[in-house]
Amino acid sequence: MFATLAGMAGLTLLIQGLLAYMLLPEGRGAYAVCIAFGALLGLLLTPGAQQGAQYFVAARRMSVSQGVSSALIICFAGGGLAAALAVPLIYNGPAFFEKAETHTFLLSLALAPLTAISIALDHQLVALRRFRRLAVFSILRVAANALTLLVLVRSLGLGVDGAIIAFAAGHGVMIAACLLYLRRHYGLAFEMPDRSNISRILGYGLKYHAARLGNAVEPHFGVVILGLIASQGEIGLFAAASALMLGFMLISNAVGNALFPRVAGAERVEMVALCLRLVCVGTAIPMLVSLAISAPLVGLLLSEAFLPAVPLLWIIAPGMLAYAVSAIFMTHFKGVNRPHICSWAVFLGLCANLGALLPLYPRLGVEAAAWGMTIGMVCGCLFLSVVFHRTTRTGLPAVWLPRRGDASFLWAAGRSALSGWTRGNSSAHAQFEKERESR
């Protein structure tokens with residue numbers, strides 16, 4: 001997963017560079033508000049389609065066909081409702097809908113069902129521990145996005161519309177690849193889900209829905225609020241800076257994806273603590289190196305028009321480190337069927353974000369969005385940390401102090417990955433279990 005996400009990060013940087021050079025800050029801002037609108041609208045109206053179906057398949061309480069079929073029905077219903085609710089807003093809505101052309105917002109509505117289904121199938125592969133397939137399909141998604149972007153925006157000159165179509169094309173490729181794989185290897189067939197399955201998935205999903213939506217909103221929350229009060233250029237600068245910093249989530253996402261199937265239905269505090277320490281160090285080091293060369297890096301990747309975004313990177317960095325740690329805490333709480341704790345944390349973070357952004361914007365301008373993002377993410381992380389320590393009855397040293405076994409675990413994990421391990425428990429995981437049992 002780490003190797004794949006690293007490859008995806010490279011392709012994502014390419015995409016961010018293409019968007020920056022071809023759309024410039026104003027066009028990048030219009031693209032950002034449309035992507036945020038379409039993708040978040042789909043997630044808002046599909047509770048349980050991702051985490052709910054994933055949990056019951058991972059815990060072996062549903063078959064793959066039952067889980068996927070339930071997720072698809074929820075996604076299609078949510079996508080239809082999204083379109084019905086959104087069209088009147090687009091034509092008669094607030095200033096947010098003045099940041100791009102009307103037809104561009106209408107085009108972005110296609111992202112609602114597409115992104116929801118793509119993410120749901122991604123989660124199913126995680127539940128089945130098919131990380132290599134997920135790796136390949138994720139690379140295909142980002143590569144299809146980049147290739148289509150080059151053709152539609154650079155060659156055909158379709159601008160923001162072409163960029164949105166390219167984003168949708170990437171998710172379309174992901175959906176097709178996942179469905180074909182699940183059909184061939186897991187006998188995936190559509191089954192009309194009964195009420196009990198839908199109820200269980202929606203029940204789990206509603207408990208986690210605020211957190212799920214908040215996790216999706218949190219990195220884009222500044223874009224949404226700036227869409228109401230700022231110019232397209234300011235939105236473009238913040239969107240580009242936050243997108244670059246989100247690249248540092250690759251280690252946390254890789255570890256979280258591998259961790260979830262192992263903690264689903266079981267409380268494994270020591271394993272979670274190990275992941276927290278490794279993610280914290282593994283995220284902080286490359287982040288500091290990148291910040292040290294941030295000015296030339298931004299000039300090269302995004303063009304000199306985006307150099308005003310460099311201070312935003314420094315402001316966002318502490319929040320992004322807290323966000324990476326929060327993702328591991330949330331994996332634990334989802335696995336032990338306490339997703340409502342994640343929802344509380346996200347709600348707290350968004351309130352803190354908004355409470356900082358609005359009063360600071362008149363004095364700091366676009367930097368207020370960066371400060372709000374960091375303050376919100378740090379508050380959410382602190383809340384999750386306190387609840388984790390209280391519910392697991394573990395002290396701070398037991399979780400955060402480095403151990404001798406951390407380095408050996410990381411070394412074993414690297415050797416395991418390089419040796420081509422694909423099935424069963426990795427040598428690193430086996431070593432961890434052996435040491436845990438000996439204690």
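Modeller: Contact here means heavy atoms within 4.5 Å. This is a predicted model, in which local features need pLDDT of at least 70, side-chain atom pairs count only at pLDDT 80 or more, and totals for chains, interfaces and linings use all residues. Residues are numbered from 1 along each chain as its sequence is written, and side-chain values use heavy atoms, with hydrogens and water left out.

Biologist: Which residues does Met320 touch?

Modeller: Not counting residues up to four places away in sequence, Met320 touches Met245, Leu246, Met249, Met287, Met373 and Met377.

Biologist: And which residues touch the most other members of the largest nonpolar core?

Modeller: They are Tyr31, Phe37, Phe105, Phe238 and Met320, in a core of 107 residues. A nonpolar core is a set of buried Ala, Val, Leu, Ile, Met, Phe, Trp, Tyr and Cys residues joined through side-chain atoms within 4.5 Å. Buried means under 20% relative accessible area, exposed over 50%, and partly exposed in between, with a 1.4 Å probe and protein chains only. Helix H1 (residues 2-44) supplies the largest share of this core, 17 residues. Another core, of 35 residues, lies apart from it and has Ala71, Leu128, Leu134 and Ala264 among its members.

Biologist: How are the helices assigned?

Modeller: Helices (H or I, at least four residues) are DSSP runs, numbered from the N terminus.

Biologist: Leu11, then: where does it lie, and what is it in contact with?

Modeller: Leu11 lies in helix H1 and is partly exposed, with a relative accessible area of 22%. Leaving aside neighbours within four places in sequence, Leu11 is in contact with Ile139, Val142 and Ala143. The C-alpha atoms of Leu11 and Asn145 are separated by 9.3 Å, although these residues are 134 apart along the chain.

Biologist: Why is H10 described as largely enclosed by the rest of the structure?

Modeller: Because eleven of its 15 residues are buried. Among them are Gly233, Ile235, Phe238 and Met245.

Biologist: What about Ser385: buried or exposed?

Modeller: Ser385 is buried, with a relative accessible area of 14%. Ser385 lies in helix H16 (residues 367-392) and touches Phe329 and Trp400, not counting residues up to four places away in sequence.

Biologist: Turning to Leu147, is that residue buried or exposed?

Modeller: Leu147, found in helix H6 (residues 131-155), is exposed, with a relative accessible area of 57%.

Notes:
Helices (H or I, at least four residues) and strands (E, at least two) are DSSP runs, numbered from the N terminus.
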